[in-house]
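Subject: Structure handover

Hi,

Here is the structure for your files. Please open it alongside this note; the findings follow below.

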Amino acid sequence: MNEQSGPIPQTLARSQAPWWLRALGALVEPWVKIQRDPADPRATLDPAMPVCYVIERYGLSDTLILEQACREAGLPEPLRPFDLAGLTKQRAMFALSRRDGWWFQKPRSKTHSATLAQLLDAVRAHADVDVQLVPVSIFVGRAPDRESSWFRVLFSENWNVVGRFRRLLAILLNGRNTIAHFATPVSLRQVLASERDAPNTLRKVSRVLRVHFQRQRTLVIGADLSHRRTLIHAVINAAPVQAAIATAASKDGTDKDAATARARAMAWEIAADQSHPVVRSLAAMLTGLWDRIYSGVRVAHFDKLRAIAPGHEVVYVPCHRSHIDYLLLSYLLYRNGVAVPHIAAGVNLNLPVLGSVLRRGGAFFMRRSFSDPLYSTVFREYMSQLFARGVAIEYFVEGGRSRTGRTLSPRGGLLSMTLRSFLREAQRPVVFQPVYIGYERIMEGDSYIGELSGKPKEKENWFALLRALGKLRENYGQVAVNFGEPIFLAPLLDGIEPNWHAATLDPEAKPAWLKPAVDALAERIAVNINRAVDVNPINLLALALLSTPKHAMAEADLLAQIDLTRDLIAALPYSERLTVTSLSAAEVIAYGEQMHAITRITHPLGDVLASEGKAAVLLSYFRNNVLHVVATAAWIACCFLNNRVMKREQIRRMGRVVYPFVRAELFLPWSDAEFDACVEQTLDFFIARGLLGVGDNGESVQREAGQSDGAFQLRMIARALLPTIERYYIAIAALVRNGPNTLTAAELETLCTLTAQRLSLLQELNAPEFFDKALFRGFIQELRERRVIWPDEAGKLEFHAELENVVRDAKIILSREIRHGILKLTPERRNALATPDAEKK
């Protein structure tokens, strides 16, 4: 035993394991390489208490692997004789179940352990004796390396109880990819504290151990799914689907058999056909792909997921930035010992060959429209069947990939189906796991620019896929995958409707609280995704350079601006799960040059760093990734663009007017009161840095003269949020100029988009999201929800007279040039929407 590992004292005999077991262990050890989980399991053990290990099923190979794992970790060895209060056993371990029989005899399973019963009796008979049971799960071939062959994959870990010969082959082929999971020790004395009768205690402890091993196997291997045909049969025979089939047959004038055949075809189109061998083979292939195109994949807070996943139905809800998201998250889960979820994918990816591979990797496909009631019912029932079988699920609540780099407004369709499925199977707790995926460069960058500029989206097909293969030769930097704060569904429902359990009595009911619950869940997911943001070097460069008119800065100024942003994030962290690059400002610039995100222009008076052309447009994507992190600081800086002195109360009051709309757009986490506190903390930070000073009366804050370094840095911070404020002004100005009862919401949206497009052309704004219709639509919707505007009987918008005051008060934030430019460009409805060309735009 390793002297440096600090072995734990035991009441164990000091003799070694039998010579024949040591000899077998020496033969097996070269074939076995063990990954322990946790890496140091000693931390949870009581050093003064005897240890006895429990494995799920007895097998000589698992016994030898356990011995090796304990020896390497500096734990008490399981093959030593065990002596506890007169109870002597040959080994300090036992199997929960074992199979009697030899190589060529039919095995007979035993579902209880005599050793466990004897240990309980010994502890029960001696009040001063206790023992800690350590359940250990062993998985052979769970994580094959990149050279793994199909033959090796066939003998890797699954749900089947395999024979001795097959287990021997698994050790020889996959033993060097073995996981040993050590669970938290269980004190038998504590178990007996709640004992009613001895037989009941034995059954209870055995059941708890079985459930633990099953949950751990589900977490690592995935749910034990029946054949796909059986699952589809269950979907079609479910009462809701049968009712939908009858309704469809009556509506279409066909017989029930024809409607059933149509429903069955839909189910086959939807259903995944996940294959463990295919998943393992894809993982081996993807290892080489990531090494080729990325210089690293960083994972943060995965340990927190491992802590909550067992015993929960996990729904992964990552942000959606690239097609790579599908593969990357599943790969990381698999490589870190967690089962690959079933992933909701658009039916546009169900291409010949590719669709079959994705389906066997865990993808289930859905159409863009759920307008067909029969299809909607079949899909919802399929989701419910997955829930009933304990299958982890992954889907993108944004609906599609973000073309702007912002987190998009969540769509509630799949969330509603998930909630209704939970109401049918409420016994198993559900947890939503938000995931932030951050890139330094994205493969789809060129197509995103084109789509935002008005080009139609190219449909997925094999020709586009083959063209994309050329991009695999390029370097895309590093990727960050951060696991956000989980959302437990039951407590969330308790806060919305304490009597939600009553809805479980009718699985087809749609209670009145369902939509508010879906909306609250959707917002919480988006907020928690943003709270897990990673701020990488490209994000820092984008925040600084895009704040200048020509997207260029002197090197000294850029260094200072990056340092300021890093210090701001460190002093006022957005959340506990945020991560920031460890590179210094100089290293960030060097890295940006290496990634071709910026260009160095040499000059005798000092080098200039710039981002030009397409690179500058792409930088706006990466600025939008992290805009929410600096939103509070940017708002305060905006207040000083046209003012040298402002009262603290005035900054807070104006912030309370703007904040609800910025919060809805950027999914900020604070309440109004919390935002006030953030404003105060940020003001104090700026004062401490010397960017702002305290006025004579102590109630006002003032900035330095316009040409000072401090004023320059404030302007750079402000311009991150200024386009957002300008968009709000465009919408309000369009409303006020056209007057009440003149524009519908759709017409207002079109006017705003046209104005923003023209303004971006005149001001050379290289940010396509400035005239993104979705952003104007979200702002208009927020105005309606807050009853600032409302439709009349004809659908025309009315508004409060206070909006006219907002237009006048905009001079505090927006310069006269910007305000007059927007008012001049803002058209009236009859001029902007009268021509076919305008309508087409």
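A residue counts as buried under 20% relative accessible area, as exposed over 50%, and as partly exposed in between, with a 1.4 Å probe and protein chains only. This is a predicted model: local features need pLDDT of at least 70, side-chain atom pairs count only at pLDDT 80 or more, and totals for chains, interfaces and linings use all residues. Residues are numbered from 1 along each chain as its sequence is written, and side-chain values use heavy atoms, with hydrogens and water left out.

**Overall**

The protein chain has 841 residues, and 53% of them count as buried. It holds 35 helices and 27 strands. These are DSSP runs numbered from the N terminus: helices are H or I with at least four residues, strands are E with at least two. The accessible surface is about 37900 Å², with 54% belonging to carbon and sulfur atoms. Areas come from the Shrake-Rupley method with a 1.4 Å probe; for residues, only the protein chains shown count as cover. Take the contacts (heavy atoms within 4.5 Å) with a separation of 6 or more: 78% of them join residues 24 or more positions apart.

**Salt bridges**

The count is 31 salt bridges. The rule is a side-chain nitrogen of Lys or Arg within 4 Å of a carboxyl oxygen of Asp or Glu.

- Aspartate 567 pairs with arginine 689, closest N and O atoms 2.6 Å apart. Aspartate 567 is in helix α22 (residues 555-571) and arginine 689 in helix α27 (residues 672-689), so the bridge ties together parts 122 residues apart in sequence. Aspartate 567 is partly exposed at 35% relative accessibility, and arginine 689 is partly exposed at 36%.
- Arginine 656 pairs with aspartate 676 at 2.8 Å between the closest N and O atoms. Arginine 656 is in helix α26 (residues 648-666) and aspartate 676 in helix α27, so this bridge ties together parts 20 residues apart in sequence. Arginine 656 is partly exposed at 34%, while aspartate 676 is buried at 16%.
- Aspartate 672 pairs with arginine 663, closest N and O atoms 3.6 Å apart. Aspartate 672 is partly exposed, at 35% relative accessibility.

Shared partners join Arg648, Glu649, Arg652, Arg656, Asp676, Glu680 and Asp684 into one salt-bridge network.

**Cores**

A nonpolar core is a set of buried Ala, Val, Leu, Ile, Met, Phe, Trp, Tyr and Cys residues joined through side-chain atoms within 4.5 Å. The largest has 192 residues; Phe364, Tyr395, Phe432 and Trp635 touch the most other members. Helix α29 (residues 722-738) gives the most to this core, 9 residues. A second, separate core has 24 residues, including Leu21, Cys70, Met93 and Val140.

**Rings**

There are 18 aromatic pairs. Rings of Phe, Tyr and Trp (its six-membered ring) pair if their centres lie within 6.5 Å; planes under 30 degrees apart are stacked, over 60 edge-to-face, and the rest tilted. Phenylalanine 422 and tryptophan 500 have ring centres 5.4 Å apart and planes at 35°, so the pair is tilted. Both phenylalanine 422 and tryptophan 500 are buried. Ring pairs also link Phe364, Phe370, Tyr375, Phe379 and Tyr382 into a cluster.

Lastly, the charged end of arginine 441 sits over the ring of tyrosine 476, 4.7 Å from its centre. That label needs NZ of Lys or CZ of Arg within 6 Å of the ring centre and within 35 degrees of the ring normal.

Best wishes
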